[in-house]
Amino acid sequence: MHRFYIAPEEWNPDALVLHGAEAHHARDVLRLRPGARAVVFNGRGHEVTAEIAKVAREEVQLRKLHEGRTPPLPCQIMLAQAIPKGKNMDLIVQKAVEIGAAEIAPLISERTIIHVDPGSAEEKQRKWQQVAIEAAKQSGQNWLPKVQAARKLNDVFSGTPWQQLRLIGSLQSDAIHLKQVLTEYAREHHSRPASVLMCIGPEGDFTPAELNFARSHGCRPITLGPIILRVETAAIYCLSVLSYELFAAAC
């Protein structure tokens, strides 16, 4: 069945209504008619299997058939990603949703190639949030990550005090393997972290000043192995390893 997103502030399981782009997609693209079934979710774990009750010009009304809830993942992973060139950020957001990131923070680093001014930052945030919605719809993910507005590395640390473990990808010689960091954390705390910040740099890596700043705010520099990875590959690699180690450990 086709999946549709209804924002939490508009979510009412007893009166489900699609508006805007979601209504247009159901009505004009998929040409769904009364009696057809669909799944709607609110990005906060709630999902409803519903039947289309009425198709109107401005909205599509649905009737609830079955309601379920997906528990949150055992570890909340925040990806702080330096914005790469081209459309690679779209791919990173898409894959981050599919792998299970809880939050995505686009970074403006000293080596960020593209220019992001206040006006374009808001537009890009809306675009990337829509990419996240589409990825959640297609992958069956009922928890929708929030895509923050683009900001600098120091703003990420000042605005997110909650992570139990902070990591930053590094090409420096003293970076250690992610597996070792997780093993040391488990040994020290007798548990796996419930929240992780994963910082990934731009083409050319973070500058030494940025790495030192991250270290001063509790970030452990990690190596991604002997092969230098593309930005999008590095993000997918780190999220995949973290999800394997932290999600499976709680099962």
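Tutor: Start with the term. A pocket is an open set of points on a 1 Å grid over the protein atoms alone, where a 1.4 Å probe fits, with protein on both sides within 12 Å along at least five of seven lines. Points join across faces, edges and corners, and a volume is the space filled by probe spheres set on them. Here the largest pocket holds about 290 Å³. Lining residues have an atom within 4 Å of a point. This pocket has 18, and L171, D205, I228, L229 and A234 are the closest to its centre.

The model is predicted: local features need pLDDT of at least 70, side-chain atom pairs 80 or more, while totals for chains, interfaces and linings use all residues. Numbering runs from 1 along each chain as its sequence is written, and side-chain values use heavy atoms, without hydrogens and water.

Student: How much space lies in the second largest pocket?

Tutor: About 250 Å³. Its lining has 15 residues, with R44, Q76, A102, W143 and L144 nearest the centre.

Student: In what order do the five strands of the open sheet run?

Tutor: Strands are DSSP runs (E, at least two residues), numbered from the N terminus. Two strands pair if DSSP finds at least two bridges between them. The order is β1-β3-β4-β5-β2, with mixed pairing.

Student: Why is one side of β1 and of β2 left without a neighbour in the sheet?

Tutor: β1 (3-5) and β2 (16-19) are at the edges, so each has a single partner strand. For β2, four bridges join it to β5 (residues 59-69), antiparallel. H19 sits opposite E59 in β5.
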